[in-house]
Amino acid sequence: MKNNSNSSKIQTAKWLIKSVVAAGLLTLASCESNLDKINENPNDQASIDPKYLLTYVSKATFQVDGDNMYASRMMIGTDGENKYQYMKWNEASFEVYSKALLNTVKMMQEAEKIKNKNYVAIGKFLRAYHFFTTSLKVGSIPYTEAVKGESGITQSKYDSQDVVMAGILSELKEANDLINPNDKIEGDIVFNGDASKWKKLINSFRLKILITLSKKTTVGSYNIATEFASIAGSQPLMTSISDNGELKFADAADSRYTMFNNSGYGSSLYMADYFINLFKDRKDPRLFTFASQTTGAKEAGKAITDFTGYNGGDPISPYSENAKLITAKNISKVNDRFYKDPTNEPSSVLSYSELEFILAEATARGWISGSAKTHYDNAIKASFSFYQTYVKNPGQYFAGFDVNQYLATPLVAYDNSASLQQQVEKIITQKYMTMFHQSQWTSYYDYLRTGYPNYPLKPGVPAPFRFRYPQSEYNYNSTNLKAALTAQYGGDDNINSKPWWLQ
């Protein structure tokens, strides 16, 4: 986390937060209806300082989601068939409604009582973030009627994906207008109370939503390219890795790196050859920070910077075949820092590097003027800066490395005059290479949107476009869910049904 002192704040506030969290059940139908139960505990308070809720929701929001590492062909499992690796996943969870969103709304309500606009603005960002990621998972979701149990709405209608996306863009615009340097932000484990950095994140995230909708021309009343240009040309955006929307971890209870002490990382998780080979082909030393040498390379005494000492498994082969590579001592595990280092590296939902890739793509598409190459180069430089800053003993990996020489190598060098397809492929491939345990499911959604990079897929098993809706929604909100399914997918809740944003 940002500051160790915040760990004690989390502990102090737990009894307050639990009463709010307990009010939400796992299903959307009942998650909002019992908020008044916070008054049933005589030791509880009817009000809670929004700073505690900000800490709680931020901590939950910025964690690493390791499942995408399998779907995005970065890691493989060798002790069983991982459903994400083999593209066979099923239903999503709406737990975010009963935890992050319920507590975010409560934070905003408490902020209104004390007339603090910044907590309201950050709340709008957190709402937008969670509605955005939830909608990308399934399609239409409860939005306009969601988290309104206090108003008597316990079975929320579903809003179409275009309504959701237009709505959260408007919420972020409101957040940008509200954020200010005067209202104090306490409990902030992301930016330590710096409102200017929240403003940069809010506006940069608006651009992330818009580039995600690149297959569409409009969303609601917004012209996507025009809105992108307006924000990029007039609003403050991230300018360095110090602006990253990320969570720093601390070696303290409930504050350690998401994968710390994860037994699977220590035993059966290895690197995918598809991901590793992108780095080997480009002589890219970031590989050494993600992967460990093969056992054979270690026994042979190869230098840690010898690219021949790294090898991955095939993500579409049976897991038993990849297990044979372990016996042959010819497969790289995930670098042990991901499960042995309690602080490791910060976890971002949007970094400066990702923003520069977004700007590069928008420039290539003609949405904004300028040089796509400049943004692309900035993005790669920012990625190297991130790893050289946060990886322990970076000299062992990066000694003698010159990023400018790297940018001039044939597989990396950017050409502003290339075709749009070639430019997008170059941008998305390098963007993908920055997202090992970062930015949650962004790399997979970029693949669905652009086709890049070209993931290996098992014949007859396509990459799913979405998750199924949770069983809890069938149980408790079936009328609204079935109406949404009929409107979107002809009633077929299938992982291969294509949602609006990809049509």
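How do the residues of the lining of the largest cavity divide into nonpolar, polar and charged? In this predicted model, the lining comprises 5 nonpolar, 8 polar and 1 charged residues, where Ala, Val, Leu, Ile, Met, Phe, Trp, Tyr, Cys and Pro count as nonpolar, Asp, Glu, Lys and Arg as charged, and the others, Gly among them, as polar. The model is a prediction in which local features need pLDDT of at least 70 and side-chain atom pairs count only at pLDDT 80 or more, while totals for chains, interfaces and linings use all residues. Residues are numbered from 1 along each chain as its sequence is written, and side-chain values use heavy atoms, with hydrogens and water left out.

The whole structure contains 3 cavities of 30 Å³ or more. A cavity is a set of points, on a 1 Å grid over the protein atoms alone, where a 1.4 Å probe fits but cannot get out; a pocket is an open set with protein on both sides within 12 Å along at least five of seven lines, and lining residues have an atom within 4 Å of a point. A volume is the space filled by probe spheres set on the points, which are joined across faces, edges and corners. The largest cavity has a volume of about 130 Å³. Among its 14 lining residues, Ser348, Ser351, Ser353, Thr434 and Gln438 are the closest to the centre. Helices H16 (352-364) and H17 (372-390) are the elements that give two or more residues to this lining, and H17 provides the largest share, 4 residues. Helices (H or I, at least four residues) and strands (E, at least two) are DSSP runs numbered from the N terminus.

The second largest pocket has a volume of about 220 Å³. It is lined by 17 residues, of which Ile304, Asn335, Asp336, Gln396 and Tyr397 are the closest to its centre. By class, this lining has 7 nonpolar, 5 polar and 5 charged residues.

Helix packing was examined with axes fitted as lines to C-alpha atoms, for helices over the stretch in contact, and with angles from 0 to 180 degrees between N-to-C directions. The axes of H5 (residues 95-113) and H6 (residues 117-138) come within 8 Å and cross at roughly 160 degrees. H5 is therefore roughly antiparallel to H6; angles over 145 degrees count as roughly antiparallel, under 35 as roughly parallel, 65 to 115 as roughly perpendicular and the rest as oblique. Residues in contact (heavy atoms within 4.5 Å) include Val96, Tyr97 and Leu101 in H5 and Tyr119, Val120 and Phe131 in H6. The contact of H5 with H6 divides into 13 nonpolar, 4 polar and 3 charged residues.

H6 also packs against H8 (residues 195-212), with axes that come within 11 Å and cross at roughly 25 degrees. The two helices are therefore roughly parallel to each other. Their contact includes Ile122, Phe125 and Phe132 of H6 and Trp198, Leu201 and Phe205 of H8. The residues of this contact comprise 13 nonpolar, 2 polar and no charged.

H8 in turn packs with H9 (residues 224-234) at an angle of about 160 degrees, with the axes 10 Å apart. H8 is thus roughly antiparallel to H9. Asn203, Arg206, Leu207 and Leu210 of H8 meet Ile224, Glu227, Phe228, Ile231 and Ala232 of H9.
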